[in-house]
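Here are my notes on this model, written as numbered points. Keep the structure open beside you as you read.

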Amino acid sequence: MISITVTALVFGVVFLAELPDKTALAGLVLGTRYRASYVFAGVAAAFTVHVVLAVAAGSVLTLLPQQLVHALTGVLFLGGAAMLLLKGAGEEEEVRQPEDQSFWKVAGAGFMLILVAEFGDLTQIMTANMAARYDDPLSVGLGAVLALWAVAGLGIVGGKALMKRVPLALITKIAALLMLGLGVWSLYEALA
């Protein structure tokens, strides 16, 4: 039986914790370049995996080596920033049409980005802790996955809306700078 109270509580906590996180930025960047439904499918699948792991593992996830997670995340963000800057250095790029990118390529990219970047993240650890505290894995899992999907959806839709008002080249440069900052910050956390 699902507890609406536990589900709503977990949704609120996870949603608020994830909203300012790198996930919204990742969804925004991917949403400006690729078909939103493809991006969401990959991101939603990755978050589902994270929630299942968090609920299954309970509070054990707090023991993960954070330096390794931060270092890998930092390298991925720096690589993403470099790709955006190098690709944007050429001529003005047109927004890719959905038929130019296969579902599996786009969804796979979103899945891998979120799977690695969010592993051991605060919201995953919070989900594990709430699963251990409330002893209601289904309600906790449902609240967490819905919150993470909502944040990802907002980021992806925000990316599409932004494209109507701001040139892709400017969005690409800003996203690259933000990813560069997140990469440096993640590497700093790994070394600190």
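1. Start with T127, which touches V14, A54, V55, V140 and A144, leaving out residues up to four places away in sequence. A contact here means heavy atoms within 4.5 Å. T127 sits in helix α6, and helices are DSSP runs (H or I, at least four residues; strands are E, at least two), numbered from the N terminus. With 2% relative accessibility, T127 counts as buried. The cut-offs are under 20% relative accessible area for buried, over 50% for exposed, and partly exposed in between (1.4 Å probe, protein chains only).

2. Before going on, a word on where this comes from: it is a predicted model, where local features need pLDDT of at least 70, side-chain atom pairs count only at pLDDT 80 or more, and totals for chains, interfaces and linings use all residues. Residues are numbered from 1 along each chain as its sequence is written, and side-chain values use heavy atoms, with hydrogens and water left out.

3. Now look at A144, a residue of helix α7. How far apart are A144 and T127 in space, C-alpha to C-alpha? They are 6.6 Å apart, though 17 residues separate them in sequence. A144 is buried, at 0% relative accessibility. Its contacts are V10, V14, V51 and T127, again not counting residues up to four places away in sequence.

4. Back to helix α6 as a whole, residues 122-134. The expected span is 1.5 Å times one less than the number of residues. The buried residues of α6 are T123, Q124, I125, M126, T127, A128, M130 and A131. Just after α6, D135 takes a positive phi of about 50°.

5. Next, the rings. The structure holds five aromatic pairs. One of them is Y38 with F103, an edge-to-face pair with 5.2 Å centre to centre and 85° between the planes. Y38 lies in helix α3 (residues 36-57) and F103 in helix α5 (residues 103-117), so the pair ties together parts that are 65 residues apart in sequence. For the rule: rings of Phe, Tyr and Trp (its six-membered ring) pair if their centres lie within 6.5 Å, with planes under 30 degrees apart called stacked, over 60 edge-to-face and the rest tilted. Y38 is buried at 18%, whereas F103 is partly exposed at 29%.

6. F40 and W149 have ring centres 6.4 Å apart and planes at 70°, so this pair is edge-to-face. F40 belongs to helix α3 and W149 to helix α7, so parts 109 residues apart in sequence are tied together. F40 is partly exposed, at 31% relative accessibility, and W149 is partly exposed with a relative accessible area of 29%. Separately, ring pairs link Y38, F103 and W104 into a cluster.

7. Last, the surface. Which residues make the nonpolar surface patch of about 520 Å²? They are I2, I4, F11, L138, L142 and L146. The elements giving two or more residues are α1 (4-18) and α7 (137-163), and α7 gives the most, with three. I2 comes from the segment before α1 and is partly exposed at 38% relative accessibility. Patch residues have over 30% relative accessible area and no salt bridge; like charges are joined within 9 Å, nonpolar side chains (Val, Leu, Ile, Met, Phe, Trp, Tyr) within 5 Å. A salt bridge is a side-chain nitrogen of Lys or Arg within 4 Å of a carboxyl oxygen of Asp or Glu. Accessible areas use the Shrake-Rupley method with a 1.4 Å probe, and for residues only the protein chains shown count as cover.
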